[in-house]
Amino acid sequence: MAPILRLPDQPEACELCRRQTPLTRHHLIPKSLHGKTYVRKRFGREERITATLWVCRPCHNQIHRLFSEKELALDFNSRDALLADERLRTFVDWLSTKPGGFVPRH
């Protein structure tokens, strides 16, 4: 039997913009790709399951606007990799100046 895996606890603020607001769990390796051979070869079971970030809804939406699931799995599977993208970094920097309840119109 596989060991029980524990997901990271929810922090008090978004792990991207740092605002204190309701958070959602973003899977750094999209769950829809966990069964794909190229993902299984690159990431172990534990990493596939536990690699997550707690992000606010606007940050979560922006991640999925900018990147395909395959790009997320292969190239943007860490907080640092996500923030290295200038488009996301610009959005996060802008959003970080807004109050917790602010939701941008897209």
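Which side chain does Asp 93 meet in a salt bridge? Its partner is Arg 89, with N and O 2.6 Å apart. Here a salt bridge means a side-chain nitrogen of Lys or Arg within 4 Å of a carboxyl oxygen of Asp or Glu. Before going on, note that this is a predicted model, where local features need pLDDT of at least 70 and side-chain atom pairs count only at pLDDT 80 or more, while totals for chains, interfaces and linings use all residues. Residues are numbered from 1 along each chain as its sequence is written, and side-chain values use heavy atoms, leaving out hydrogens and water.

Back to that pair. Asp 93 and Arg 89 both sit in helix H6, residues 86-95, and they are four residues apart, about one turn of the helix. (Helices are DSSP runs of H or I with at least four residues, strands are runs of E with at least two, and both are numbered from the N terminus.) Asp 93 is partly exposed at 37% relative accessibility, and Arg 89 is partly exposed too, at 32%. As for the cut-offs, buried is under 20% relative accessible area, exposed is over 50%, and partly exposed is in between, using a 1.4 Å probe and protein chains only.

In total, the structure holds three salt bridges. Another one joins Arg 87 to Asp 85, with the closest N and O atoms 3.1 Å apart. Asp 85 counts as buried at 12%, whereas Arg 87 is partly exposed at 45%. Then there's Asp 9 with Arg 6, at 2.7 Å from N to O; both of these residues are exposed.

Now follow H6 to a neighbour, helix H3 (residues 57-66). The axes of H3 and H6 come within 10 Å and cross at roughly 165°; axes are lines fitted to C-alpha atoms, for helices over the stretch in contact, and angles run from 0 to 180 degrees between N-to-C directions. That makes H3 roughly antiparallel to H6, a label for angles over 145 degrees.

Who touches whom? On the H3 side there are Pro 58, Cys 59, Gln 62, Ile 63 and Leu 66, and they meet Arg 87, Leu 88, Phe 91, Val 92 and Leu 95 of H6. Contact here means heavy atoms within 4.5 Å.

H3 has other neighbours as well. Its buried residues are Pro 58, Cys 59, His 60, Gln 62, Ile 63 and Leu 66. These pack against strand S1 (23-27), strand S2 (52-56), helix H4 (69-74), helix H5 (79-84) and H6.

Technical notes:
Angles under 35 degrees count as roughly parallel, over 145 as roughly antiparallel, 65 to 115 as roughly perpendicular and the rest as oblique.
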